[in-house]
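Please keep the sequence and the model side by side while reading.

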Amino acid sequence: MEFYLGMDNDKIDQIVDRHKGEASALIQILLEIQGENHWLPRQALERISQRLHVPLSRTMHIASFYKAFSLVPKGRHEVHICMGTACHVRGAKRILETVEDLTGIKPGETDVEMKFSLETVNCLGCCALGPVINVDGKTHGMVSVSQTEGVLKNYE
Amino acid sequence: MTRLTTPQELEKIRKDIISKRNPDKHCITLCCGSACIASGSEEVGAGIEVEIENQGLIDEVEIRKTGCHGFCERGPIIVNHPDKTSYLHIKPEDVSEIVSQAVNGKKIIDRLLYTDPETDEKIIHESEIPFYKHQKRLVFGSNGSIDPKSINDYLAINGYSAVSKVLSGMTPEDVLDEVKKSELRGRGGGGFPAGIKWEGTRNAEEEIKYVIVNADEGDPGAYMDRALLEGNPHSVLEGLIIGAYAIGSHEGYIYVRQEYPLAVENINLAIRQAEEYGLLGKNILGSGFDFFVKVHQGAGAFVCGESTALMTALEGRVGEPRPKYVRSNIKGLWDKPSVLNNVETWANVPLIINKGADWYTQIGTESSKGTKIFSLVGKITNTGLVEVPMGMTLRDIIYKIGGGIPEGKKFKAVQTGGPSGGCIPGDQLDLPVGFDELTQAGSMMGSGGMIVMDEDTCMVDVARYFINFLTDESCGKCVPCREGLRQMNKILTNITEGKGKEGDIELLEVLSETAAEASLCALGKSAPNPFMSTLQYFRDEYEAHIKDKKCPSLYCKEMINYYIDPEKCNACMICFKKCPVNAIDGEKKKIHIIDQEKCTNCGTCFEVCPERFDAVKKLSGEPLPSPVPEEERMITR
């Protein structure tokens, strides 16, 4: 299995250059790196700080504050369980418990095979379809406890 | 695209676009909002395109992929024009029939029509479906008829005419006066009068000023801003341009959550198109007015919906709020005067300019003018986005538009205003919706989430849910919010787990008072609202949890036991087989019994027990009946 610890500096520089190296674009740059690499390796954070002339502590503060960023590698599939109010009153908690049982991981964790990473999110804006599971950006709506296993089975 | 240099050129190109369109041409509009996409509208859309080609109908019929129509639960939604037949719950296999029906006027497809649950009658036109019939869709109405990726579609419905009117014949003061006169109040939460906010910024001495769209729609259960930005992004841009002109700003930002990728895509595209037409950029329509817009994606932090936190995030820093001794319309982004309004507020502006403040103020109540979009979700039959005039009662919204509570359950409460709001009980359903009315009832308008709860919803758990949410989202800068909410969360969790004790309610009240009084920003100040309002209206539920160790709604997992009624059990083996922890003992013809030691209260047996037997019960706060003696377990009936 591929498990790399860093990200190509050229790629990071390209992204930084696209934002004209402006420090105010720090969050946008991190979002792009997260989007491409699925997590933020330390070496990437160092490189960005250096390029933007921003202290590493500030970059780390941002990377750990916002929910979109991950400081550890993610599994092949990102499972997001919506815990918004509409999904909550329609039983999202039980869906989450079922996914936890099936994958053996808690929110914020990745399984040892690096297959699934589990996260809870607060409203995906698909309230009419609650409860909702989102896997790799695809939304599965009106999921019942017994259907949950079927949803996860589609992913290898 | 040609760059337009005068308002006359805009009108000319508008005429060109309209003249090239044949209003009688068959057009299949397909909802491609996020909820419909999740229900499969992309597959349906692809199917329609193939079908049009296969049937050789390219010249006769077109497909238009629109934004959210609002009736999300029934998606994917199609409306055929010009006859406006409305089809719901479309599947890819329905596509060929729909295409032939649209063009050849063949028999309407009955099975895809809306069925009135009361009369069992089929309804053909969208406007006659009760869900739509009682709405007033001024801001949201165009969503269903235009392709959000096409600026020409927006121009064809008179888009950018308000910008043209403002730049060709109104001074910034005129615009400001009109908006002030309209009494437009911010749709994002606070309900602050937009015109007064704008005036403060206009009068501020600094030369550089900013206008910002708050599209960081974080309230769980609210998604109207997403639907507007996805479905009609130009209307938001148009409002922003007008606002910028009124206050003298030349730079605007749109702060949008990264959780809304389609909204990000559509607003970016809209900006590019508007720039190409010269509706954004230097010297807009030859007026000499310059205005540029940038999109900034949020990175997932609820607190960034707060004005000062949002501005800090725009500066590329951690989104923490600051005290508001000086308001952000005087000292905001990079310490410059900045007007921040949410998506829906901006989208109201072109309407006010086009039709006038006098027209606008006729709609609504004394203190709340215009319409409001609500997301009607939770335990409600017709889930979706609804736009109603201010002043409509909660009862009309929930029963006339929403179709009431499904499965014959009883209404318990409606939660409005997101995590800062509160729960309104059944005896207040005749309350008209408006900023001040909802606040007086102990809740608030917020951004317009309306989560309906039925008898199965535990109100203590609802309070715990919101406090838990806010504990997680607190930025941690001030103590009353960071520590106070954490303690409230602990106490409420204990209560829902049957570990509540005397004095907990009083302690929660003290913590609430401190958080409301001493927190730095609105997140902490309003955080106790869900607790306070549920306590005000549902105190008996708190007391039942604490004193009787009973969850009256039979929701709180730690406080209930599952029990199989031996009189009703048919020993069908379904729950026996489905139980994930093998806690059910039984065999064919032998009454099933749950081993309470093994049971994890997952509720699977309750869910799978056939309705005709209805043998699995939830019990709370009462002792379990002793199990049937072994010799009586064989069913002889």
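Strand 11 (residues 371–378) and strand 15 (residues 449–454) of chain B run parallel and are joined by four bridges; strands here are DSSP runs of E of at least two residues, and helices are runs of H or I of at least four, both numbered from the N terminus. This is a predicted model, in which local features need pLDDT of at least 70 and side-chain atom pairs count only at pLDDT 80 or more, while totals for chains, interfaces and linings use all residues. Residues are numbered from 1 along each chain as its sequence is written, and chains are lettered from A, with ligands numbered from 1, in the order in which they are written.

The two strands belong to an open sheet of five strands in chain B, with the order 12-11-15-13-14 and mixed pairing, where two strands pair if DSSP finds at least two bridges between them. Strand 12 (384–389) and strand 14 (422–425) of chain B are the edge strands, each pairing on one side only. From one strand to the next, the twist averages 30°.

Chain A holds an open sheet of four strands, ordered 2-1-3-4 and again mixed in its pairing. Strand 2 (116–121) and strand 4 (138–140) of chain A each have a single partner strand, so one side of each is left without a neighbour in the sheet. Neighbouring strands are turned by 25° against each other on average, direction ignored. Within this sheet, strand 1 (residues 77–82) and strand 3 (residues 133–135) of chain A run antiparallel and are joined by three bridges, and His80(A) has Asn134(A) as its bridge partner in strand 3 of chain A. Helix 6 (residues 92–103) of chain A packs on the sheet, where it touches strand 1, strand 2 and strand 3 of chain A, and its direction makes about 155° with that of strand 1 of chain A; axes are lines fitted to C-alpha atoms, for helices over the stretch in contact, and angles run from 0 to 180 degrees between N-to-C directions.

Chain A is divided into domain 1 (9–65) and domain 2 (77–153), with bounds that come from an automatic or database domain assignment. The centres of these two domains of chain A, taken over C-alpha atoms, are separated by 29 Å.

Where the chains meet, 32 residues of chain A and 39 residues of chain B take part in the contact, two residues being in contact if their C-beta atoms, placed from the backbone, lie within 7 Å. On the side of chain A, helix 2 (26–37), helix 4 (56–65) and helix 5 (85–89) are the elements that give two or more residues. That side divides into 20 nonpolar, ten polar and two charged residues; Ala, Val, Leu, Ile, Met, Phe, Trp, Tyr, Cys and Pro count as nonpolar, Asp, Glu, Lys and Arg as charged, and the others, Gly among them, as polar.

How confident is the prediction in chain A? Chain A averages a pLDDT of 90, and 96% of the residues score at least 70, pLDDT being the predictor's confidence in each residue, from 0 to 100. Within chain A, confidence is lowest in helix 5, at a mean of 87, and highest in helix 4, at 95.
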